[in-house]
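Biologist: Can you walk me through this one? I'd like to go piece by piece.

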Amino acid sequence: MTKLTLTAVALLFLTLTACSKSMDKPAAGTPAATETAGHTHEGWWCAEHGVPESMCALCDAKIAADYKAKGDWCAKHDRPDSQCFICHPEKEAVFAAMYEAKYNEAPPKREEEKK
Ligand SMILES: [Zn+2]
Ligand SMILES: [Zn+2]
């Protein structure tokens, strides 16, 4: 009886130790560093055009075709009218706000702007 209890306690102790050990360890595989880079091409934001990649008609001809089909197109600047910051400078802030909502910081300056 006593022996059994001891074993049980020992087992419990071992489990607890193992448990707290694995919890103490800073998770090595956490993707924490990925969002610090200002200019990433790994997905969400198109830094070149100042819109989310998934909406960037200037990067993806298929997306462009979608916008054209919807009639949302600025022929003069060859981009969706809703993304034409030349005709609608106020739109840029709308997209920037989307970026800020996600990353809690202002989006990187658009490369296009330097011209
Ligand atoms: Zn783009
Ligand atoms: Zn335009």
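Modeller: Let's begin with helix 2. Helix 2 is hardly covered: zero of its 10 residues count as buried. Buried means that 20 or more other C-beta atoms lie within 10 Å of the residue's own; exposed means 12 or fewer, partly exposed is in between, and C-beta atoms are placed from the backbone. Helices (H or I, at least four residues) and strands (E, at least two) are DSSP runs, numbered from the N terminus.

Biologist: Is this experimental or predicted, and how are things numbered?

Modeller: This is a predicted model: local features need pLDDT of at least 70, side-chain atom pairs count only at pLDDT 80 or more, and totals for chains, interfaces and linings use all residues. Residues are numbered from 1 along each chain as its sequence is written, while chains are lettered from A and ligands numbered from 1 in the order in which they are written.

Biologist: What is the mean pLDDT of the protein?

Modeller: The mean is 79, and 60% of the residues reach 70 or more. pLDDT is the predictor's confidence in each residue, from 0 to 100.

Biologist: Which elements have the lowest and the highest mean pLDDT?

Modeller: Helix 1, residues 2-24, has the lowest mean, at 60. Helix 2 has the highest, at 98.

Biologist: Where does pLDDT stay under 50?

Modeller: Over residues 30-37. For that stretch the model has one contact beyond four places in sequence. A contact here means two C-beta atoms, placed from the backbone, within 7 Å. Where pLDDT is low, the predicted coordinates should not be read in detail.

Biologist: OK, overall layout. What pattern does the protein follow along the sequence?

Modeller: The order is α-β-β-α-α. That comes to three helices and two strands.

Biologist: How many of the residues count as buried?

Modeller: 11% of the 115 residues. As for contacts between residues at least 6 apart in sequence, 33% join residues at least 24 apart.

Biologist: Back to helix 2. What follows it?

Modeller: Gly71, with a positive phi near 80 degrees.

Biologist: And which residue has a positive phi although it is not a glycine?

Modeller: Asp78 is one of them, with a phi of about 55 degrees. Asp78 sits in the loop between helix 2 (61-70) and helix 3 (89-103). Asp78 is exposed, because it has 11 other C-beta atoms within 10 Å. Asn104 also has a positive phi, about 65 degrees, and is not a glycine.

Biologist: Where does Asn104 lie?

Modeller: In the segment after helix 3. Asn104 directly follows that helix. Asn104 has 8 C-beta neighbours inside 10 Å, so it counts as exposed.

Biologist: Now the loop between helix 2 and helix 3. Where is Ser82, and what is it in contact with?

Modeller: Ser82 is in that loop. Leaving aside neighbours within four places in sequence, Ser82 is in contact with Asp72 and Lys91. Ser82 is partly exposed, because 18 other C-beta atoms lie within 10 Å. Ser82 and Glu92 are 10 residues apart in sequence and 9.4 Å apart, C-alpha to C-alpha.

Biologist: Ile86: buried or exposed?

Modeller: Exposed, because Ile86 has 12 other C-beta atoms within 10 Å. Ile86 also belongs to the loop between helix 2 and helix 3. From Ile86 to Lys76 the C-alpha distance is 9.9 Å, across 10 residues of sequence.

Biologist: Switching to Glu53. What does Glu53 touch?

Modeller: Gly43, Trp44, Trp45, Cys46 and Cys59, not counting residues up to four places away in sequence. Glu53 is in the loop between strand 2 (51-52) and helix 2. Glu53 has 17 C-beta neighbours inside 10 Å, so it counts as partly exposed.

Biologist: Last one. How are Pro108 and Gly50 separated?

Modeller: They are 58 residues apart along the chain, with their C-alpha atoms separated by 8.1 Å. Pro108 lies in the segment after helix 3. Pro108 is partly exposed, because 15 other C-beta atoms lie within 10 Å.
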